[in-house]
Amino acid sequence: MTANNSRDDWWKQAVVYQVYPRSFKDVNGDGIGDIAGITEKMNYLKTLGVDAIWLSPFYPSELADGGYDVIDYRNVDPRLGTMDDFDKMVEAGHKAGLKVIVDIVPNHTSNKHRFFQEALQAGRGSKARDRYIFREGRGKNGELPPNDWQSLFGGPAWERVADGQWYLHIFAVEQPDVNWKNPDIHEEFKKTFRFWSDHGVDGFRIDVAHGLAKDLDSEPLEKLGEEFSVQNQESHDGRSPLWDRPEVHDIYKEWRQVFNEYNPPRFAVGEAWVVPEHQHLYASTDELGQVFNFEFAKAGWDVNQMRMAITEGLDSAAHTDGSTSTWVMNNHDIPRSTTRYGLPQVPATDKHQIAKDWLLRDGKTYFENRELGTRRARAAVLMEMGLPGSVYIYQGEELGLFEVPDIPWDRLEDPNAVNTKQAASDKGRDGCRVPLPWVADDEPKPASWDKNFGEGASFGFSSATKADGTPAEAPHLPQPLWFKDFAADKETTDPTSMLTLYRSALKERAELLTATGDHSSLDWLDMGDDVIAYTRPAVYQGSSAMFASVTNFGAAPVALPKGRILLTSAELAADGGLPQDASAWLLLDK
């Protein structure tokens with residue numbers, strides 16, 4: 001067990017690795033990653049140096065939204081394994097000293113969930129239908145949706161059922177929003193938390209944590225549709241009928257009572273795309289305990305944006321007694337940071353807009369400077385990893401993978417790609433969800449349908465054959481041939497690789513910083529407007545020390561403070577200065 005995980009409040013400083021199960025490792029050769037594949041790679045995760053793994057949804061699902069359309073919250077998708085496989089995976093994780101976190105999706109269910117099927121059969125005014133958000137339509141015969149809201153995945157946010165009523169779906173049509181004013185929904189999810197806790201799960205990631213509570217009755221729906229949009233999720237005043245409503249916190253206080261039934265109490269972190277000044281409400285120890293700070297994930301490679309992201313993350317945690325900051329560069333919903341930092345860093349109307357435009361045109365609009373993107377991502381790793389609080393890593397980030405922009409449209413899985421059009425067109429999130437490359441020598445040949453992608457082998461993602469001896473299926477998303485250069489086995493033996501940098505940084509973090517138990521202290525070092533530098537208390541060879549992290553965004557190399565250099569993201573200049581787009585860790589001289 002990691003030293004950090006011996007504490008009941010392990011999550012306050014944890015490094016958490018996000019596993020997207022369907023793209024992590026496929027043991028049975030069907031082209032889809034599975035639970036047994038996570039078990040097989042547990043030693044890789046232990047060696048990486050993380051404290052916990054978080055599994056994106058692995059529940060029975062029609063995969064309308066990558067598994068976030070859940071049919072049964074208390075089971076494993078047969079394509080990914082069995083409950084026995086899950087229990088063995090948890091046992092292997094705990095044996096390796098790792099905590100296990102699972103994803104819970106409480107804003108919506110699948111339209112195949114038993115509750116929704118009952119709602120369709122029961123009809124208007126029924127108790128079953130009250131579990132969801134059904135409304136009458138507009139027009140002479142109710143043929144128009146209740147208002148003109150558009151879903152986040154494109155198309156109307158309302159869908160009509162056979163008897164003429166309409167249901168709300170903020171996401172895909174297969175993901176009807178549940179009604180959190182209904183007591184059955186409360187009981188369903190409390191039962192779900194207890195089920196997974198009893199199976200050894202240590203914590204939960206809460207999907208769309210800012211969206212559960214809704215107020216669609218205080219004003220006519222048509223008026224609400226004119227004043228508010230689904231797309232505007234960050235509300236400062238709490239007036240949005242859909243997002244970040246004050247009532248959502250009553251739900252989380254109820255959940256906290258369930259979490260506290262266990263010893264140690266179960267942990268939760270909320271995915272809440274809210275303004276920074278509201279983050280602390282979700283992170284209260286009376287509620288979830290922690291919330292994602294997405295400011296890093298939204299920021300471009302800009303010293304002021306990055307400094308603001310750190311400042312707001314620290315300020316948010318300081319407003320919450322008992323919680324800590326969280327730091328997120330990547331996840332399954334956003335373009336990979338190596339690509340983001342390698343594209344033009346110009347102002348845009350929305351976060352990741354340049355990357356999204358680039359993706360929409362298969363990566364052919366802007367020049368992706370991969371060398372520069374990698375250099376900046378390496379610097380960002382050290383800048384982030386030295387900060388107090390928790391760090392979340394998305395699978396493949398530690399390999400330095402880039403976004404895959406040119407997946408043929410007919411092979412995409414994300415509903416964004418299918419449902420959006422015209423000005424709202426979005427190619428979706430599949431570019432960061434391509435199955436991982438594990439073995440460089442398991443190289444596929446150029447595909448007959450596109451020379452840039454492989455077919456046959458799968459860089460070790462899938463076993464070579466199925467149990468019956470027949471060849472393995474192709475990965476569910478195609479892998480580009482350039483993945484060979486980023487295979488885990490190749491990077492393991494390369495002292496200059498991104499994987500080596502991650503392993504080194506996580507080892508130093510655990511020994512120097514996490515070991516202090518201090519998860520909040522930070523002092524800024526003033527080294528000029530183009531430098532982000534800070535210090536933190538550290539432990540070195542059993543004695544107290546002072547750790548410093550320095551990141552240079554400026555064109556000219558900067559002189560480092562006097563001390564022992566521990567790690568750098570790039571080679572230092574000839575005079576020992578830290579060059580542009582580079583970070584250094586050091587122990588300061590006393």
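**A strand and its surroundings**

A: Strand S15 (residues 531–540) pairs with strand S16 in the antiparallel sense, and 10 bridges link the two. Strands here are DSSP runs of E with at least two residues, helices are runs of H or I with at least four, and both are numbered from the N terminus; two strands pair if DSSP finds at least two bridges between them. The model is predicted, so local features need pLDDT of at least 70 and side-chain atom pairs count only at pLDDT 80 or more, while totals for chains, interfaces and linings use all residues. Residues are numbered from 1 along each chain as its sequence is written, and side-chain values use heavy atoms, leaving out hydrogens and water.

Of the 10 residues of S16, 7 are buried, so the strand is largely enclosed by the rest of the structure. Buried means under 20% relative accessible area, exposed means over 50%, and partly exposed lies in between (1.4 Å probe, protein chains only). Ser549 belongs to S16, which covers residues 543–552, and Ser549 is buried with a relative accessible area of 0%. What does Ser549 touch? Leaving aside residues up to four places away in sequence, Ser549 touches Ile532, Ala533, Tyr534, Ala584 and Trp585, together with Leu382 and Met383. Contact means heavy atoms within 4.5 Å.

Helix H13 spans residues 370–385, and both Leu382 and Met383 are among its buried residues. Others buried in H13 include Gly373, Arg376, Arg378, Val381 and Glu384. The helix has 16 residues and reaches 22 Å from its first C-alpha to its last, close to the 22 Å expected at 1.5 Å a residue. The expected span is 1.5 Å times one less than the number of residues.

Strand S1 (residues 15–19) has 5 of its 5 residues buried, so S1 is largely enclosed by the rest of the structure. Both of its faces are covered, with Val15, Tyr17 and Val19 buried on one side and Val16 and Gln18 buried on the other. S1 runs parallel to strand S11 (residues 390–394), to which 4 bridges join it, and Val15 stands opposite Val391 there. S1 also pairs with strand S2 (residues 52–55) in the parallel sense over 4 bridges, where Ile53 is the bridge partner of Tyr17.

The buried residues of H3 are Met83, Phe86, Met89, Val90 and Gly93. They cover an arc of only 115 degrees around the axis, which puts them on the same side of H3; the arc is that of the directions from the helix axis to the C-beta atoms. Turned away from that buried side, the face of H3 carries the exposed residues Glu91 and Lys95. Just after H3, Gly97 takes a positive phi of about 85 degrees.
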